[in-house]
Amino acid sequence: LFANAGYVTTYQAVATGAGSHHVKATRALKTLLVLDEVHHLVDEEGRGWVPGVRALVDRATHVLAMSGGLGRDDEKPIPFIPYDDERSPVKHIVYTRADALDERAIVPLRIDMLDGDTEYFHKGRQHEVTLSEASGKQERAARRTALELDDFRNRLLTEGLSAWWDYRENHGGYRSQAIVICATQADARNCASRVQELYPHVDIALAISEEGSRAVNALKRFRTRSGADILVTCQMAYEGLDAKWATHMVFLSNIRSVPWMDQAFARVTRFNGESGRDWSQQGAYVFAPCDASIQAYVAQLSMEQDDRYREQLERIGGKPFARRSDFAALRADPTQTVIGGEYGIAPPDVQDQMRKLKAEHPALQSIPAHALESLARSFLGRPVVDGATP
């Protein structure tokens, strides 16, 4: 009985208790040490959490290090993880997105992207570029412009939450929650006010660090079955939040680190066994700006969600754009929504048919993107992908 005993603690607690009861607990026993979300550890000249954790690692009989993605935005090595000659982390047990889909632990993720024409002032010059066509530093500047200006943010927010509302209504009042991830805490406050204007009778939870204990209570309220309908946050809820009723996300963050996006988008992909609905009837939907980084992510996602694709490629995440004092966002006019298929972006002929239907039938301008895609597929005689919601 005693050999099977254990306890759960945090990296912070281990760091403050190094050399005390945490180490004493492993002194006389064979110990399995589990390091969850190990990518949070980074050894900066012996400071931080690592020394305390190392004391436990040195005494443990076995160590199991786990992470949703063995990568960091700063590209620093993760302590206690072996690396090969090309500085890639060695993975001994790999559980891919395709594996999770095979076991129906998650549902397929669909990402719809809003494109736009942007103007910004930088280094004494005015620049004009379409968001989806920008690359390099220009992409980061165009994306930052779009996310700083109300026209673009409000359009993306409105489309995402409209799809969420239609999803609830078309499923007979099916319990469904939405998450809005903003770039800054100030953006989150403004966004929460905007959402309340759009849906005055909907319960909204605001979780940002400057709210202190109220943010913690907001997260608790959102996690319950009868809790808040929409969570507006910044970086408090992108990792570790168990929100099984969340189905839609509006992604207004400028972070493009692939491990970060993997963690954030995973908040809406979990299969909900308490919903009373089959796996094929559940969906996960993200609405995001149509920048090159998101497009690359969708292309990778297409391969990961294809049952025939089994090797998960190593990916290096991007970094947030460094702010410059002479940068000024001038204009961001949203143009068209680029439709994401259930396994990535819809084929070109389906996209063309969707545009044709919208041009010939103005009433179709306001229907949800996934419904328009299903209609276009039916016109072309192409089947709806398994798991889609017509």
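**Surface and burial**

I looked up the accessible surface first: it comes to about 19500 Å² for the protein chain, and 50% of it belongs to carbon and sulfur atoms. The areas come from the Shrake-Rupley method with a 1.4 Å probe, and for residues only the protein chains shown count as cover. I note that this is a predicted model, where local features need pLDDT of at least 70, side-chain atom pairs count only at pLDDT 80 or more, and totals for chains, interfaces and linings use all residues. Residues are numbered from 1 along each chain as its sequence is written, and side-chain values use heavy atoms, with hydrogens and water left out.

Of the 390 residues, 47% count as buried. Buried means under 20% relative accessible area, exposed over 50%, and partly exposed in between (1.4 Å probe, protein chains only).

**Helices**

I found 12 helices and 12 strands in the protein chain. These are DSSP runs numbered from the N terminus: helices are H or I with at least four residues, strands are E with at least two.

I then checked α5 (residues 136-148) against α6 (residues 150-170). Their axes come within 5 Å and cross at roughly 75°. The two helices are therefore roughly perpendicular (65 to 115 degrees). A146, L147 and E148 of α5 make the contact with D150, F152 and R153 of α6. Contact means heavy atoms within 4.5 Å.

**Salt bridges**

I count 18 salt bridges in the structure. Each is a side-chain nitrogen of Lys or Arg within 4 Å of a carboxyl oxygen of Asp or Glu.

D262 pairs with R97, with the closest N and O atoms 3.6 Å apart. D262 sits in α9 (residues 258-265) and R97 in α4, so this pair ties together parts 165 residues apart in sequence. Both D262 and R97 are buried.

R153 turns up again, bridged to D187 at 3.1 Å between the closest N and O atoms. D187 belongs to α7 (residues 185-198) and R153 to α6, so the pair ties together parts 34 residues apart in sequence. D187 is buried at 19% relative accessible area. R153 is buried too, at 15%.

D203 and R221 form a salt bridge with the closest N and O atoms 2.7 Å apart. D203 lies in the loop between α7 and β6 (204-207), and R221 in α8 (residues 213-223), so parts 18 residues apart in sequence are tied together. D203 is partly exposed at 32%, and R221 is partly exposed at 33%.

I also noted a network of salt bridges linking E139, R143, R256 and D291.

Key
Axes are lines fitted to C-alpha atoms, for helices over the stretch in contact, and angles run from 0 to 180 degrees between N-to-C directions. Angles under 35 degrees count as roughly parallel, over 145 as roughly antiparallel, 65 to 115 as roughly perpendicular and the rest as oblique.
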